[in-house]
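Please keep the sequence and the model open while reading.

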Amino acid sequence: YEKNTIDKISDYVPLNFSYQNGFLYFTNLENNHIYSLDLKTNKAELLSNNKVGSFLVSNKFIIYQNLNDNSKLYALKTDKTHNVKLTDTSVESFIALNNEILFFDANNNNILSALNLLTETIESYNNIVGHNLKSDSTNIYFVSSESPNKLYSLNRDDLTSQLIEDEFLNDYYPIDNKIFLEMAISLDKVYIL
């Protein structure tokens, strides 16, 4: 935006991507493998031969759904030195939060579960059932399975949820202090909450 030009940085077609410390991490649409792209040199490097679904970059780790292993969670160090399985259950969506990974357990009716990374234990919360778990720097959001396609916020301290958007939505994108909504009533518009 500073130069008001568009520069091609890669021939790959990214499916998802995330930025951290001068590197762009992405899955290649052609094979679903995860790559890193050094934005100074525009050099891409294959990080894993596993097929990757959703992923997030947290500190020096990439936490991802391993599609080769039924969408179970794995963690891969960004320098490729460490690749470990985190869950024995399939995961619908997930977020990292302090020393925990919150996820909807696809093998257990999409109930909310929390993996404590320090103790390597999983706790399940039967009162929260949903999908499309996301967060920004301060809040946690999800779409409830009990009220389909309605957006809720989650209070992590007492595990209570609050309805935020009552309209039928296709997807949402939280960014600090704003949520961009893709509503079913109008696919050609984006709404800001």
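**Surface, fold and charge pairs**

The protein chain exposes about 11,400 Å², and carbon and sulfur atoms supply 46% of that area. Accessible areas come from the Shrake-Rupley method with a 1.4 Å probe, and for residues only the protein chains shown count as cover. This is a predicted model, in which local features need pLDDT of at least 70 and side-chain atom pairs count only at pLDDT 80 or more, while totals for chains, interfaces and linings use all residues. Residues are numbered from 1 along each chain as its sequence is written, and side-chain values use heavy atoms, with hydrogens and water left out.

The secondary structure consists of zero helices and 17 strands; helices (H or I, at least four residues) and strands (E, at least two) are DSSP runs numbered from the N terminus. The radius of gyration is 18 Å, close to the 16 Å from the globule rule for 193 residues, so the chain is as compact as a globular protein of that length. Here the radius is taken over C-alpha atoms, and the rule is 2.2 Å times the number of residues to the power 0.38. Along its principal axes, the C-alpha trace spans about 45 × 40 × 25 Å.

Of the 193 residues, 42% are buried. Buried means under 20% relative accessible area, exposed means over 50%, and partly exposed lies in between (1.4 Å probe, protein chains only). Among contacts (heavy atoms within 4.5 Å) between residues at least 6 apart in sequence, 25% join residues at least 24 apart.

Charge comes next. The chain carries 15 positive and 25 negative charges, whose mean positions are 8 Å apart. Lys and Arg count as positive and Asp and Glu as negative, without His and the chain ends; each charge is placed at NZ of Lys, CZ of Arg, CG of Asp or CD of Glu. Side chains of opposite charge can pair when their charged atoms come close. The whole structure holds six salt bridges, a salt bridge being a side-chain nitrogen of Lys or Arg within 4 Å of a carboxyl oxygen of Asp or Glu.

One of them joins K80 to E45, with N to O at 3.0 Å. K80 sits in the loop between β7 (72-77) and β8 (83-97) and E45 in strand β4 (residues 43-48), so this pair ties together parts that are 35 residues apart in sequence. K80 is partly exposed at 38% relative accessibility, and E45 is partly exposed at 37%.

Another salt bridge pairs K85 with D88 at 3.6 Å, N to O. D88 is exposed at 62% relative accessibility, whereas K85, at 35%, is partly exposed. Through shared partners, salt bridges join D69, K72, K85 and D88 into one network. Within it, the closest N and O atoms of K72 and D69 are 3.7 Å apart, and both K72 and D69 are buried.

Which loop residues stand out by their backbone angle? N21 has a positive phi of about 50 degrees although it is not a glycine. N21 lies in the loop between β1 (14-20) and β2 (23-28) and is exposed at 67% relative accessible area. N177 likewise has a positive phi, near 70 degrees, and is a residue other than glycine. The loop between β15 (169-175) and β16 (178-183) holds N177, which is exposed at 75%.

A further loop residue is N98, between β8 and β9 (100-105), exposed at 76%. N98 and S58 are 40 residues apart in sequence, with their C-alpha atoms 9.9 Å apart in space.
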